[in-house]
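These are my notebook entries on one protein model. I set down what I looked up, entry by entry.

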Amino acid sequence: MVSLDGQTLIPSLSLDLPDGRTSEIYIGSGYLGDPRLSAAIALNTRVAAISNERVASLYGDIVDRLAPNHETILIGDGEQYKSLETYSEVIDQLIEHRFNRDGAIIALGGGVVGDLAGFVAATYQRGVRLVQIPTTLLAQVDSAIGGKTAVNHSTGKNLIGAFYQPETVLIDTDVLSSLPDHVFIEGLAEVIKYGVIYDAAFFEWLEDNTQSVLAREPEALQFIVRRSCEIKAEVVASDEREQNQRAILNFGHTVAHALEAETQYGELRHGQAVSIGMVMESDLACRENLCDTQTAQRIRNIVEAYRLPHTAPEVDVARLLDSMAMDKKVVEGELRFVLPRAIGSVVVTGGFDQENLEATLNT
């Protein structure tokens, strides 16, 4: 939660990188209107707020308070708008508004807005300040943290992007109350992921507190958001550019990204694809004798308990394999998966049997 020191807001977490760069992460409940935030993040410059129409109508006043001198740039709502075309349109508007290098970008929205706005901030005039205000659970626990920014290509997800850290992330769990059920629930896939890859006790807590989380009880939301951000910050701080440990964050994503590409980024939301990917990659781990069937069953059970999908839509397996071959996780021609060994422990491996993979994808 946001801490107070006199009249100053203290960040809940800091993502500290070895070269001295820091992302300050504020996590609280109902505090985005607090005037002390303006002083804390010091946006005394021109600001471009990138959002979509729905989010801007709900929370645009937050940007008004944080940065009175701002322009608002709206993009479409949906994964199909995380594209080079939308990126180019945003850049055109920044140029039209004569936006300079000393300005700042605020990303106000979910993962699509955050990823695209982050890529804009990383590349416009070689980089401008970036503040993330994530308004979905998925963005709060995952995409707003860690500096991965990107747009999609027709042949694969997030193929065009950059590592670019936000200087500040503002997370208010109260905004989660405005989410439709399916949008809130998809974010739980990323929360579950952290338990599988890093924290068995967190996974067990999620198993035992399903109803509190699904009911969006404030204390439960504060806990799952805070713990997820802690884990992500710890992993990213040790490996910002995914040369080693950060790869564990991709559990479920090798299958998920291929599914999203093959369903044209429309049939499945990202979190839904990840939940299917986690179940399928757990099945692959069993076939590879990396984990026991009980572990895979616990993962499937928790996915079902949180009302997430666990089986893939009907897609051509050969095309799915082709999509995987274009994945960023391919290294020297070798496709890699993050596979569970036990709850709280995973391994990154390219040494799997192709027949086992095909059997998994055909289930």
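This is a predicted model: local features need pLDDT of at least 70, side-chain atom pairs count only at pLDDT 80 or more; totals for chains, interfaces and linings use all residues.

**Entry 1: A loop residue, N289**

I began with N289, which is exposed, with a relative accessible area of 70%. I located N289 in the loop between α11 and α12, the latter covering residues 293-305. I then read the backbone: phi of N289 is near 60°, a positive value in a residue other than glycine. I looked up the general rule for comparison: most residues other than glycine have a negative phi.

**Entry 2: R98**

I next turned to R98, where phi is near 55°, again a positive value in a residue other than glycine. I placed R98 in the loop between α3 (84-96) and β7 (104-109). Is R98 buried or exposed? R98 has 67% relative accessibility and counts as exposed, because the cut-off for that class is over 50%.

**Entry 3: R287 in helix α11**

R287 has its place in helix α11. I noted a relative accessible area of 31% for R287, which makes this residue partly exposed. Which residues does R287 touch, leaving aside its neighbours within four places in sequence? I found R287 in contact with N356, A359, T360 and T363. I also checked a separation along the chain: R287 and L308 are 21 residues apart, and their C-alpha atoms are separated by 23 Å.

**Entry 4: R269**

I then examined R269, found in the loop between α10 (253-262) and α11 (270-287). With a relative accessible area of 33%, R269 is partly exposed. I compared sequence and space for R269 and V183: they are 86 residues apart in sequence, and 8.3 Å apart from C-alpha to C-alpha. I listed the contacts of R269, with neighbours within four places in sequence left aside, as H182, V183, E186 and E260.

**Entry 5: Aromatic pairs**

How many aromatic pairs does the structure hold? I counted 5 aromatic pairs. I took up F202 and F223, whose ring centres are 5.7 Å apart and whose planes stand at 75°, so the pair is edge-to-face. F202 lies in helix α7 (residues 200-208) and F223 in helix α9 (residues 218-238), so this pair ties together parts that are 21 residues apart in sequence. F202 counts as buried, at 2% relative accessibility. F223 counts as partly exposed, at 35%.

I noted a further partner for F223: W205 and F223 form an aromatic pair that is tilted, with 4.6 Å from centre to centre and 55° between the planes. W205 lies in helix α7 and F223 in helix α9, so this pair ties together parts that are 18 residues apart in sequence. W205 is partly exposed, with a relative accessible area of 24%. I concluded the entry with the grouping: ring pairs link F202, W205 and F223 into a cluster.

**Entry 6: T168**

I looked up T168 and found this residue in strand β11 (residues 168-172). Why does T168 count as buried? The relative accessibility of T168 is 5%, and buried means under 20%, so T168 falls in that class. Leaving aside neighbours within four places in sequence, I found T168 in contact with E24, Y26, I41, L130, V131 and Q132.

**Entry 7: The whole chain**

The secondary structure comes to 14 helices and 15 strands. A compact globule of 363 residues would have a radius of gyration near 21 Å, and the protein has 20 Å, which agrees. I noted that the C-alpha trace spans about 60 × 40 × 40 Å along its principal axes. Of the 363 residues, 58% count as buried.

How values were computed. Residues are numbered from 1 along each chain as its sequence is written. Side-chain values use heavy atoms; hydrogens and water are left out. Helices (H or I, at least four residues) and strands (E, at least two) are DSSP runs, numbered from the N terminus. The radius of gyration is taken over C-alpha atoms; the globule rule is 2.2 Å times the number of residues to the power 0.38. Buried means under 20% relative accessible area, exposed over 50%, partly exposed in between (1.4 Å probe, protein chains only). Rings of Phe, Tyr and Trp (its six-membered ring) pair if their centres lie within 6.5 Å; planes under 30 degrees apart count as stacked, over 60 as edge-to-face and the rest as tilted. Contact means heavy atoms within 4.5 Å.
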